[in-house]
Amino acid sequence: MLLFGIFSVLLAVASAEFCYNDVEGACSTIHSPDESTLIPNCNAKYGAIDALEADLQAYTNANVESSFEFLLMSSYFGNFEAQREGFKELYRKLSDKAWEDAIDLIKYITRRGGKMNFNQLPRLKKSVKESRTLELNELNSLAKALDTQKQLADEALRIHSQAQPHNKHDAGIAHYIEEQFVESQAKCVRDLAGYTSDLKNLLTERDPSVSVFLFDEYLKKSL
């Protein structure tokens, strides 16, 4: 008898997680005019979205923040003093990509029944020596861009690992992160690492200003 009672309680708790039971309960109850009908389980949520929603929100905000930083860097190199069209185009491209990724993340969060929280702080770490004005020289700007992209890539891998079976177990989120971010970020990190190494080697030549000019011309033609 006791086991039957425990089983009945567990069955009642489990059945409360279904939308059908919410609707049935709401329709069978007389509500006062100022009371809203609550059907909490009638949403698009499934899997581990509740456990990973905050991570996805933070990653979205990290992409938004990175997009604005790259845009400021692009504006700096595009002004009449710097006149580095190649660097301008590079950072504008990175800014647009981060912005598009943020929009796609918001769409995915809402598609899984969640909501976007723009107050969720990004997990990206900033260097103590990092200039907040973003008025950097060419080599320093590449180093900053590389650090940012590597942190975005690391965070994508962390969320991907959190969605694996030994953690939150949500294959949908893991597949989305892998398809949308992992491969493209690997290419971006590799390109920026190559640009940084090449420019550093060019600056050892006799006339660094000419080397920077030629490298900027290369960026402008290759992007």
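In what order do the elements of the protein chain run from the N terminus on?

## Overall architecture

In this predicted model, the elements of the protein chain run α-α-α-α-α-α-α from the N terminus on, and the secondary structure accordingly comes to seven helices and zero strands. Of the 223 residues in the protein chain, 35% are buried, while the chain exposes about 13,900 Å², of which 58% is supplied by carbon and sulfur atoms.

When contacts between residues at least 6 apart in sequence are considered, 75% of them join residues that are at least 24 apart.

## Helix α4 and its surroundings

Helix α4 covers residues 85-111, a run of 27 residues, and its first and last C-alpha atoms are 39 Å apart, close to the 39 Å expected at 1.5 Å a residue. Its buried residues include Phe 87, Leu 90, Tyr 91, Leu 94, Ala 98, Asp 101, Ala 102, Leu 105, Tyr 108 and Ile 109. An α-helix has 3.6 residues a turn, so residues three or four places apart point the same way.

The cover over the buried residues of α4 includes α3 (49-77), α5 (138-162), α6 (171-202) and α7 (208-222). Just after α4, Gly 113 adopts a positive phi of about 90°.

Met 116 lies in the loop between α4 and α5. Is this residue, Met 116, buried or exposed? Met 116 counts as buried because its relative accessible area is 19%, and the cut-off for a buried residue is under 20%.

Leaving aside neighbours within four places in sequence, Met 116 is in contact with Gln 57, Thr 60, Asn 61, Ile 106 and Ile 109; of these, Ile 109 is also among the buried residues of α4. The C-alpha atom of Met 116 is separated by 8.6 Å from that of Glu 53, although the two residues are 63 residues apart along the chain.

## The largest pocket

The largest pocket holds about 380 Å³ of space. It is lined by 18 residues, and those closest to its centre are Lys 93, Leu 94, Ser 184, Cys 188 and Asp 191. The elements that contribute two or more residues to this lining are α4, α5 and α6, with α6 giving the most, namely seven residues.

By residue class, the lining of the largest pocket divides into eight nonpolar, five polar and five charged residues. Leu 94, one of the residues closest to the pocket centre, is also one of the buried residues of α4.

Note on methods:
Residues are numbered from 1 along each chain as its sequence is written. This is a predicted model: local features need pLDDT of at least 70, side-chain atom pairs count only at pLDDT 80 or more; totals for chains, interfaces and linings use all residues. Side-chain values use heavy atoms; hydrogens and water are left out. Helices (H or I, at least four residues) and strands (E, at least two) are DSSP runs, numbered from the N terminus. The expected span of a helix is 1.5 Å times one less than its number of residues. Buried means under 20% relative accessible area, exposed over 50%, partly exposed in between (1.4 Å probe, protein chains only). Contact means heavy atoms within 4.5 Å. On a 1 Å grid over the protein atoms alone, a cavity is a set of points where a 1.4 Å probe fits but cannot get out, and a pocket is an open set with protein on both sides within 12 Å along at least five of seven lines; lining residues have an atom within 4 Å of a point. Grid points are joined across faces, edges and corners, and a volume is the space filled by probe spheres set on the points. Ala, Val, Leu, Ile, Met, Phe, Trp, Tyr, Cys and Pro count as nonpolar, Asp, Glu, Lys and Arg as charged, and the others, Gly among them, as polar. Accessible areas come from the Shrake-Rupley method with a 1.4 Å probe; for residues, only the protein chains shown count as cover.
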